[in-house]
Amino acid sequence: MSSGKNFDLGPSAASSSSGAAFKKTSQYGLLTPADNDSPVRGRRPYHFSTICATVDNPAQKDQHGSSSVPIYQTATFKGVNGDYDYTRSGNPTRSHLVHHLAKMYSAKHAFAVSSGMAALDVITRLLKPGDEVITGDDLYGGTNRLLEYMRKHTGIIVHHVDTTVSTSVVPVLNDKTAMVLIETPTNPLLKIADLPAIIANVREKAQNAVVVVDNTMMSPYLQRPLELGADIVYDSGTKYLSGHHDLMAGIIACNRDDMAKDLGFVINAVGNALTPFDSFLLLRGTKTLAIRMDRQQSTAMKVAHYLHGMGFTVYYPGLVNHPGRELHERIASGPGAVLSFITSDKSLSERIVGATRLWGISVSFGAVNSLISMPCAMSHASIDPKVRAERGLPEDLIRLCVGIEDADDLVDDLEHALFEAGAIVLSPSEKTGSQYIRAPLPGDTPVQAQLSLPRIKETREWFVSAPGKVILFGEHAVVHGVTAIAASVDLRCYGLTSPRNDGRLSLSLPDITGGFYHEWDLEKDLPWDSVTSISIGDVHPAVLDARLVDAITQRALPSSIEVPEKRRARESVIAFLYLYMSMQHGDEKPSFNFSARSALPIGAGLGSSAAYSTCVATTLLLHHQRIVIPPQPRSTPDHIHVSHGGRRAIPTDAADEVNRWAFVAEKVLHGTPSGVDNAVAVFGGALAFSRGGASYGRKAGMESIQGFKSMRFLLTDSRVPRDTKSLVAGVAKKKEAEPEAVEAILKAIQSIADEAQRALADPELPREKLLWALAQLIDENHGHLKTLGVSHPALEKIRALTNGAPYALSTKLTGAGGGGCAVTLIPDSFVQESLEALRKALDSEGSRPTLLPSVAAALSESHGELRKLLESTAAADLAAWAEGRGRWLFV
């Protein structure tokens with residue numbers, strides 16, 4: 001057992017001569033050379049960076065004049081009365097280290113142990129059962145873990161308070177308070193504690209309490225708590241003091257001799273003093289502390305400003321909006337090199353962390369290499385999730401620990417990760433053509449603030465299209481909660497916005513009977529006093545704003561539209577203006593022309609209104625900067641981008657937002673739409689859709705169906721106009737008058753939809769049997785719709801012709817019925833000659849047949865001057881013309 005007669009206690013204990021050459025203290029309390037060596041003038045105090053780089057212990061001069069402290073890699077020392085006998089108790093290399101650290105901490109005593117947590121363990125051994133500890137509510141996970149263990153097993157009482165409020169300690173201070181443990185800035189939320197004020201409160205209310213400060217986030221270069229009145233300061237030397245993450249160390253510093261004696265006894269007794277080799281490495285690391293910290297916090301400031309400018313909530317005391325910045329600047333000389341930010345989405349944060357390359361995914365901080373982590377999943381994972389939530393620690397929090405790499409490289413790597421993860425997107429810019437902005441997230445206040453900034457004038461044209469649809473099963477019944485099965489068809493509505501930027505808004509609808517065009521002065525002609533705009537991220541209420549609808553109807557519609565033949569134009573204009581005004585936010589109002597064209601027969605039950613609603617919703621969301629379309633990624637020398645022809649290029653969250661607003665437009669147009677038409681128009685393909693209803697055991701939502709990809713349908717337009725609102729209302733009245741009969745029909749239609757969905761999802765079902773089953777279900781479904789009274793003689797005539805000899809095909813109405821279109825399933829075995837004969841027969845009867853595959857999703861892309869070309873192209877040629885405009889981007 002070592003006597004410990006010369007344990008490493010720092011300058012005052014090393015020898016009586018250790019302070020002989022140090023007579024004056026600087027303004028920082030740091031020992032400096034005597035001034036009697038110059039007859040002209042005294043030396044000025046050394047700056048901290050000089051103290052760091054100069055390792056000099058007059059009491060322990062190397063016998064060979066070594067410029068670097070040697071490593072005394074030995075466990076024992078020979079002799080009886082020498083300065084050292086056993087390395088656990090003392091070692092010359094460690095003595096040099098603690099002497100150097102004491103100068104850096106403005107301390108009388110310093111100790112070096114095996115880790116930062118070992119340092120805290122040594123300090124907490126000063127406590128005894130029944131003692132009370134006051135600490136913060138935002139703590140390093142390891143600190144929290146140790147205190148919780150001691151609370152359960154050693155009988156201490158721990159109070160967690162908000163240390164950003166200096167008086168928060170007062171209610172829990174009492175005669176039993178033995179220790180006040182403070183972090184500032186805190187880890188990981190970078191909260192600032194008013195150390196002088198808290199210390200003053202402790203001295204007044206609990207004179208015997210020891211004030212302990214974890215200074216790891218700052219290092220002694222930026223903050224020296226002993227100078228502010230703290231009793232003990234400790235650091236994880238693994239971090240900034242070492243700077244290279246090649247050792248584990250903990251540092252304790254204090255000024256009181258009695259505390260130093262107790263701390264030294266514990267370290268010697270438990271044997272956790274730092275090893276000679278690690279002491280050498282740590283001593284070497286301290287020499288570059290100042291220059292590393294200068295570089296690191298300079299880069300951290302740049303990273304913080306970048307993230308803040310991008311609209312993220314950033315926690316960093318160097319930012320002007322940090323609530324503790326002024327206080328921090330009074331007690332520290334720099335903001336440090338650790339910052340954190342939130343994304344409002346945990347999975348998004350995970351994607352960002354995983355997408356970085358220069359930023360290493362790791363716990364800890366303070367090294368020359370930059371690190372990134374999610375504290376709740378890493379350094380603070382040991383804290384119970386419920387406790388984390390109570391203390392306001394966000395699960396999506398990302399912590400950045402900045403190293404010494406080039407600042408531009410770090411920002412660039414972070415920007416690429418943010419873009420790859422979908423946290424930022426490209427937006428048009430007047431100066432550069434495009435710029436990164438924060439991607440919108442529901443309920444994300446920073447996003448709202450970012451997107452509410454003055455808008456950049458749009459100089460591009462947005463060209464959007466959406467497909468029509470056929471409903472194979474569930475028409476009308478879907479309004480009452482039954483599942484509908486629908487598929488998109490390759491006939492489309494096209495929408496084009498052309499910038500005006502003259503304070504006016506215009507709408508052009510060439511395909512409406514007689515055509516329609518009108519302009520509005522954005523300030524004078526629209527009823528802004530009646531609008532309640534929907535904030536970015538909020539969802540439109542379930543019910544339309546009747547006040548706004550009435551105001552548009554009475555004050556914004558041109559008189560030329562108030563004629564029967566312009567009914568469809570009237571509804572389309574109201575829907576367009578309703579969405580434009582509801583989406584408006586901020587002071588600047590987008591000024592552009594919107595032109596809509598349709599290759600779909602209007603009013604035929606093929607979802608032309610939903611396709612129009614989708615085009616309107618998409619373009620307005622883009623102009624109001626509520627969604628953004630990311631550019632296609634480019635291949636680089638070290639990363640290959642596999643082109644998918646634009647497929648899946650429009651993010652799902654953007655498509656979801658379009659779908660929500662398209663449904664609002666459908667409400668304006670139809671009153672009580674099912675939601676299936678706009679869902680198909682936005683997402684394309686085929687899907688099963690349900691509004692939800694306990695009667696049929698279905699939850700609201702939609703489910704994609706893949707089975708329609710290789711099927712053919714003959715779509716026949718009866719050319720008989722129908723009134724969707726009247727037909728839907730008619731079924732509702734029938735249900736009210738004959739509830740049992742109609743309910744039985746609705747349940748039967750639900751069974752048909754279920755059977756069709758199961759058949760399409762069954763990979764083992766032979767195709768021939770699948771087509772036969774679908775044909776039977778089509779006939780059965782049409783029979784129920786006919787009973788509901790929504791068919792029409794023209795539709796029955798089409799059905800009779802296709803079902804009769806020699807064709808024997810299955811046909812049903814699609815959509816609202818009462819005219820419109822019929823859909824006929826074409827089996828694989830049906831020969832082309834017979835198909836052409838059927839088409840001629842239908843055409844001769846006055847109908848208009850079209851063979852359609854069920855394909856195509858909503859798409860969007862920007863182009864050049866297109867308005868004149870779009871409006872002058874014949875409806876029959878729109879598809880081919882649009883296809884030739886360039887590359888399209890799909891949902």
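## An enclosed cavity

The second largest cavity holds about 60 Å³ of space. The model is a predicted one, and four cavities of 30 Å³ or more are counted in it.

Which residues line the second largest cavity? Its lining consists of Asp137, Asp138, Leu139, Leu189, His380, Ile383, Arg388, Arg391 and Leu393. Sorted by class, four of these lining residues are nonpolar, one is polar and four are charged. Asp and Arg count as charged, whereas Leu and Ile count as nonpolar; Asp137 and Arg388 are among the residues of the lining.

Strand β6 spans residues 177-183 and is mostly covered, with seven of its seven residues buried. Buried here refers to a relative accessible area under 20%.

Strand β6 pairs with strand β4, residues 132-136, in the parallel sense, and four bridges are found between them. Within this pairing, threonine 177 of β6 has glutamate 132 opposite. Strand β7, residues 210-214, also runs parallel to β6, and five bridges join the two. Here valine 180 stands opposite valine 211 of β7.

## The β-α-β unit

How are β6, helix α6 and β7 arranged, as a right-handed or a left-handed unit? Together with helix α6, residues 195-205, strands β6 and β7 form a right-handed β-α-β unit.

Definitions and conventions: Residues are numbered from 1 along each chain as its sequence is written. This is a predicted model: local features need pLDDT of at least 70, side-chain atom pairs count only at pLDDT 80 or more; totals for chains, interfaces and linings use all residues. Side-chain values use heavy atoms; hydrogens and water are left out. Buried means under 20% relative accessible area, exposed over 50%, partly exposed in between (1.4 Å probe, protein chains only). Two strands pair if DSSP finds at least two bridges between them. A crossover is right-handed if, with the strands pointing away from the viewer, the path from the first strand over the helix to the second runs clockwise. On a 1 Å grid over the protein atoms alone, a cavity is a set of points where a 1.4 Å probe fits but cannot get out, and a pocket is an open set with protein on both sides within 12 Å along at least five of seven lines; lining residues have an atom within 4 Å of a point. Grid points are joined across faces, edges and corners, and a volume is the space filled by probe spheres set on the points.
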